[in-house]
Amino acid sequence: MIEVMGLTKYYGSLAAIRDVNFSVNAGEIVGFLGPNGAGKTTTMRILTCFTPATSGTVRISGIDVGEDSMAVRRSIGYLPENVPLYDWMRVRSYLEFVTRAKGVASSDRVKEIDRVSGVVGIQDVQTKLIRWLSKGYKQRLGLAQALIGDPPIIILDEPTIGLDPRQIREIRNLIKSFALNKTVILSSHILPEVSQVCSRVIIINKGVIVAEDTPENLISGSTRTSRIQVTLRAPEQESKNLISGINGVSTVKTLAPFDEGMLTLTVESQQGWDIRPELARAIVAKDWDLLELRSIDVSLEDVFIDLVTEESGDILTKESVIDREVA
Amino acid sequence: MNGFLAIFRKEMANFFVSPIAYTVIGCFLIIAGFFFWANVSLLSLVSLQAANDPSITSRINLTDVVIRPLVQNMSIILLFLVPLLTMRLFSEERKTGTIELLLTYPINDLGIVLGKFLAAVSVFLIMIVCTLSFAFIMLTLGAFDIGVFLSSYLGLILMGSSFIALGVFISSVTENQIVAAAISFGAALMFWVISWTSSFTGQTLGAIIRQTSIIERLDSFLKGVVTLSDVTYFVFFTAFFLFLSFRSIETQRWRG
């Protein structure tokens with residue numbers, strides 16, 4: 001459905017993306033993941049014919065973006081990052097404008113507006129000024145304009161940014177619901193969202209694709225060590241020495257500060273070793289209280305930070321990434 | 001074509017949903033009306049004084065005392081007001097980011113430029129058509145030269161369209177509306193007054209400057225002379241700036 005080959009875009013002497021290759025099959029939901037300034041928006045802008053690429057080709061349903069831009073534009077619904085809408089317009093007249101701009105036949109316009117309004121759930125705000133809509137409704141209206149004309153491909157740039165958790169879930173469900181018969185590319189910072197909505201994830205950093213796989217494969221592929229969190233009541237140094245001695249354990253770190261004799265440790269062991277039974281026996285044999293013992297799953301967030309850190313080579317903690325997202 | 005109509009309708013809606021069109025048209029009509037009233041009053045006063053002297057009565061007529069000064073004054077008011085009509089056309093879309101969506105809809109760039117240009121021209125024409133009421137009032141006052149009246153209005157309309165095209169272009173290069181209005185006004189004024197320098201800039205340069213000046217072109221329309229060169233001047237002026245707007249949109253695409 002979408003084929004991207006050797007895509008490069010320079011802004012002046014600065015490369016926003018370099019030699020990006022990927023393809024998306026019909027009916028897929030692909031997540032575009034990357035820190036700010038990674039080139040997600042640039043890639044999307046090239047796909048939607050907003051800006052031409054410096055080099056490389058993009059084929060949408062076999063049509064080259066540079067050759068027949070109008071045909072490509074007709075087959076794509078796009079929602080830019082900050083949801084640009086005409087806030088002086090009323091919802092209904094805005095949607096009428098979009099149907100005209102997208103060339104929907106005049107006899108189908110009313111039907112199309114009603115259909116899309118029903119899909120995204122904005123029937124009850126049709127006469128409202130866009131200026132007075134809540135952020136959630138603006139986002140829905142943004143989705144509505146992308147859906148008008150029933151394009152087979154939907155491209156969404158950060159569709160849930162700035163929404164509250166309830167609205168995020170609503171929008172996410174909406175995307176899932178209309179994605180049944182559409183090809184969707186969405187970009188996001190919010191990693192759990194990507195793992196829930198997308199069937200495939202493309203991680204991009206500094207203009208280069210660093211990974212591309214299903215969320216499950218990305219997580220399992222990166223699990224080089226398994227991690228266990230253990231809470232016990234014991235002296236810190238002595239218990240650390242004991243656990244380090246267990247076969248297969250690579251590192252032991254104190255997680256929570258020593259509090260009323262209680263201690264939480266993170267134990268990493270080599271992949272494939274289940275050290276939990278032996279760990280439990282060793283603690284009990286010492287007559288210490290074992291309060292909690294559980295293994296920790298690696299999240300997509302860890303994978304993302306791993307990949308992004310590896311590639312850029314700078315010291316990037318989970319906190320600093322979250323700080324960037326908040327900023 | 002569909003896309004062009006969509007843009008045209010949206011821009012017209014923006015002019016009339018917001019107070020922009022009403023304010024600009026209102027201001028224009030009040031000032032133009034004031035000049036009309038003042039000129040007619042002057043005419044009646046002068047006619048009374050000249051009643052005893054037949055040698056000047058022939059020179060006191062509606063065409064010379066009312067129509068010509070009125071159209072001249074209207075053209076100066078337009079110089080101030082047209083930038084206010086055009087300043088937001090592209091600037092606002094760039095500022096709010098709506099241009100990004102607009103440029104990804106299946107509408108070609110020329111359709112977008114023409115849609116916006118013709119919407120502004122329509123508001124301008126509504127403004128001019130309202131001043132035709134002056135002509136009906138004059139018909140009750142006495143005879144005037146219909147030919148001069150029509151050619152003056154043709155000149156006014158061509159000049160207004162040129163200013164609108166200039167304004168559309170300036171608006172497409174900045175996302176700040178005030179900057180767009182200021183530059184449009186400044187540029188239009190320069191085209192207006194540039195002929196004043198022709199007397200001391202030497203023969204060749206002076207001739208070129210006289211050819212590019214708007215005021216010289218408008219002057220012949222006010223005399224009732226419609227020449228092909230004057231009409232083509234305004235048509236080319238308009239087409240040139242519309243072309244520049246079109247290219248400016250294309251450059252913005254490249255800059256992303």
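Which residues point one way from E3(A), and which the other way? Ile29(A), Gly31(A) and Leu33(A) take one side, Val30(A) and Phe32(A) take the other, and all are buried. Here, "buried" means that 20 or more other C-beta atoms lie within 10 Å of a residue's own; 12 or fewer makes a residue exposed, anything in between makes it partly exposed, and the C-beta atoms are placed from the backbone.

## Before you start

This is a predicted model, in which local features need pLDDT of at least 70 and side-chain atom pairs count only at pLDDT 80 or more, while totals for chains, interfaces and linings use all residues. Residues are numbered from 1 along each chain as its sequence is written, and chains are lettered from A and ligands numbered from 1 in the order in which they are written.

## Chain A: domains and a hairpin

Chain A splits into domain 1 (2-220) and domain 2 (224-296), with bounds that come from an automatic or database domain assignment. Taken over C-alpha atoms, the centres of the two domains of chain A are 46 Å apart.

Strand E1 (residues 2-11) and strand E2 (residues 14-24) of chain A run antiparallel and are joined by seven bridges. Two strands pair if DSSP finds at least two bridges between them. Glu3(A) has Ser23(A) in E2(A) as its bridge partner. The hairpin of E1(A) and E2(A) has two residues between the strands, and Gly12(A) takes a positive phi near 65 degrees there.

## Chain A: the six-stranded sheet

Now back to E3(A). This strand belongs to an open sheet of six strands in chain A, in the order E6-E7-E8-E3-E9-E10, with mixed pairing. Strand E6 (76-79) and strand E10 (208-213) of chain A are at the edges with a single partner strand each, so one side of each has no neighbour in the sheet. From one strand to the next, the twist averages 15 degrees.

Strand E3 (residues 29-33) of chain A has five of its five residues buried, so it is largely enclosed by the rest of the structure. In a regular strand, side chains alternate between the two faces of the sheet. E3(A) runs parallel to strand E8 (residues 183-188) of chain A, with five bridges joining them, and Leu33(A) sits opposite Ser188(A) in E8(A). E3(A) also runs parallel to strand E9 (residues 200-205) of chain A, this time with four bridges.

Helix H5 (residues 135-147) of chain A lies across E6 and strand E7 (153-157) of chain A, at about 160 degrees to E6(A). Axes are lines fitted to C-alpha atoms, for helices over the stretch in contact, and angles run from 0 to 180 degrees between N-to-C directions.

## Chain B: helices and no strands

Chain B has 13 helices and zero strands. Its C-alpha atoms fill a box of roughly 75 × 50 × 30 Å, taken along the principal axes. Of the 256 residues in chain B, 38% are buried.

One pair to look for is helix H7 (residues 109-130) and helix H9 (residues 146-173) of chain B, whose axes come within 10 Å and cross at roughly 145 degrees. The residues of the contact between H7(B) and H9(B) divide into 12 nonpolar, two polar and one charged. In this scheme Ala, Val, Leu, Ile, Met, Phe, Trp, Tyr, Cys and Pro count as nonpolar, Asp, Glu, Lys and Arg as charged, and the others, Gly among them, as polar.

Leu84(B) has its place in helix H4 (residues 62-86) of chain B. Leu84(B) counts as partly exposed because it has 18 C-beta neighbours inside 10 Å. Not counting residues up to four places away in sequence, Leu84(B) touches Val24(B) and Ala181(B).

## Where the chains meet

How many residues of chain B are in contact with chain A? There are 22, and they meet 23 residues of chain A. Contact means that the C-beta atoms of two residues, placed from the backbone, lie within 7 Å.

Helix H1 (2-17), helix H6 (98-102) and helix H13 (228-255) of chain B are the elements that give two or more residues to this side of chain B. H1(B) gives the most, with eight residues. By type, the residues on the side of chain B that touches chain A are 10 nonpolar, nine polar and three charged.
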